[in-house]
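Good morning, and thank you for coming.

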Amino acid sequence: MNYLYAENIAKSFGDKELFRDITLSINKGQRIALVAKNGFGKTSLLHIITGQETPDSGSVLLRKDLTVGFLEQEALLNDDLTIIETIFDSENPVVKAVKFYELCLEEDADSKKMQEAMEQMDVLNAWDFESKAKQILTKLSVGEVNRKIGTLSGGQKKRVGLASVLLHEPEFLILDEPTNHLDLDMIEWLEEYLKKNYDTLLLVTHDRDFLDNVCNEVIELDNGKLFFYTGNYEHYVEKKTERQENDALAVDKARNLLRKELEWMRRQPKARTVKAKSRIDSFYDIKEEASRDLREKELKAEIKINRLGGKIVDFHHVHKKFDQLTILADFSYKFKPRERLGIAGRNGIGKTTFLNLITGQEKPDAGKIVIGETVQFGYYTQKGMKIKDDQRVIEVVRDIADYITLEKGKTLSASQLLERFLFDRNKQYDYVAKLSGGEKRRLYLLTILMKNPNFLILDEPTNDLDIITQNVLEDFLEEYPGCLVVVSHDRHFMKKITDHLLVFEGLGKVIDFPGTYAEYLSWKNEKKETSDQAKNGRKQEVNAAPTATKSKVKRSYKEQREFELLEKEIEKLEFRKNELTISLQSTDLPFNDIQKLSRELTSVMQLIDEKSMRWLVLSEIA
């Protein structure tokens, strides 16, 4: 069954042609990844497919009555709506019933109003929908559903947008960079959710492991044309290399033929026969083919770093917490030369705080952090650099330095340096506002590296970077002679450039694991299975022992009602706990707010423990 057919579509911005005469057909059951370099038109193509932009020429046909869900790269949400209003923004009666029920829970409505909400849920059989909403919101750490969208960070908005799209279960799902702002646990959950619930999707992603786990086809947008590949990312790279080799042979052949045709053109008579005119037309076709430039522009990240001394960065019995939220507890660590360290852990657990401790932007509560005299940090943050949109690209670089020194005494001007980072002469005089998200990230990376750091800290460096730029960055980092610390949700990236992890597990517990994140998860699961088997063994021994008393065999109506409400109350408290944990990671909170939030977090955690214990007691009663 055909869902989409786009025929001979073209799009240009000013004198820049993104694509011309491309045709695309998507059928039910296809799971496609769309890849291209930054600025080559991926997002524009998605906007044309979804009707948000009009092509310069060509047509787009979607199957009648097809439901399409589209997640933008930057979530476009109404700042005046609350989270729950955004997620349940639908005229569907089931959705409206769930929305009413959720609001009653949030507002602790009176018994009459709550009874009305529950009756609506029963009549419409909406409990499964409500349960699914809770699951998605919990997995994506979306809580406090009455908060206004305008109060959320960019990452929180993206997760709200993703939750809303998934909840409405469109037949055809289109996602633009869905893994940005998700931690590793969220990404792995999303992979499984998409594989289980969606058989037709089109997504733009630069996460190669996510691409392999979710998609089985790749479409590349390259120099205004579409190329189609069946298989995973590795197969795509292999077939693309073959295509490029074949293109190179075709161009060489055209250039050899062009030399012969040029000689004929120079000596041909003025009187032109029909046959001669046909050959002349063919000559211009050959000339166009021979003129194709197949050279791939490559990002070159050359820097000269200052030598590191014997002492780099040492943590000595460091403690760090926000009131009751413990980040580090008696933590000691000594960074070594050519350190290749990955930082892992769920969102809001303290990874960015740890990076700020390394650079001295945060101070420990106890213990000490010693930074060597020769250390020069380069810190690539998630927030990026503050650049004025009315500033030109070359002005951003010249504000730091007009020239940069490379190895062996070589120097590069600001313009030459930008060319090495794939900003051609025309692009250098563009305003920053015109750059794509990936181009802004690339410019930011350039400004970090041109300061010649010998201790490089990268916080989510792959967000918005295209796969080609990621590959070049990986190659550069593998040869980088300084210390390297990386926080990233990109498993392929982490696996390639780090050799061990610090895993933040919460409550100040940090594990130094000698392997990749996938190996850590495997180790953790094996450990849990062993623990569960041991518990089951002890439980069987207890069950086998004679008992003097007989336990209850059935819950009363009142206990059954309490048991059901406890589940919802615990979920609600877990939402609040996640929100408080995330809020406390902010580095610009006033001290009074930190104390207030910390006291509430302590209270919430205590309530979770009490209610969980009561739930366990009731769960033992059949």
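I shall speak about a sheet, then cavities, then a helix.

What you see is a predicted model, in which local features need pLDDT of at least 70, side-chain atom pairs count only at pLDDT 80 or more, and totals for chains, interfaces and linings use all residues. Residues are numbered from 1 along each chain as its sequence is written, and side-chain values use heavy atoms, with hydrogens and water left out.

Let me start with the sheet. Helices (H or I, at least four residues) and strands (E, at least two) are DSSP runs, numbered from the N terminus. Two strands are said to pair if DSSP finds at least two bridges between them. There is an open sheet of 6 strands with mixed pairing, in the order S5-S6-S7-S3-S8-S9. At its edges are strand S5 (68–71) and strand S9 (225–230), each of which pairs on one side only. Within the sheet, strand S6 (residues 172–176) and strand S7 (residues 201–204) run parallel and are joined by 4 bridges. As an example, Ile174 has Leu202 in S7 as its bridge partner.

I turn now to the cavities. On a 1 Å grid over the protein atoms alone, a cavity is a set of points where a 1.4 Å probe fits but cannot get out, and lining residues have an atom within 4 Å of a point. A volume is the space filled by probe spheres set on the points, which are joined across faces, edges and corners. How many cavities of 30 Å³ or more does a search of the whole structure find? The search finds 2.

The largest cavity holds about 50 Å³ of space. Among the residues that line this cavity are Glu177, His206, Asp207, His489 and Asp490.

The second largest cavity holds about 40 Å³. Its lining includes Ile83, Arg147, Gln156, Arg159 and Glu579. Helix H6 (residues 154–167) gives the most to this lining, with 3 residues.

Finally, consider helix H11 (residues 351–359). Why is H11 described as largely enclosed by the rest of the structure? The reason is that 8 of its 9 residues are buried, where buried means under 20% relative accessible area with a 1.4 Å probe, protein chains only. Phe354, Leu355 and Ile358 are among these buried residues, as is Lys351. After H11 comes Gly360, whose phi is positive, near 85°.

Methods: On a 1 Å grid over the protein atoms alone, a cavity is a set of points where a 1.4 Å probe fits but cannot get out, and a pocket is an open set with protein on both sides within 12 Å along at least five of seven lines; lining residues have an atom within 4 Å of a point. Buried means under 20% relative accessible area, exposed over 50%, partly exposed in between (1.4 Å probe, protein chains only).
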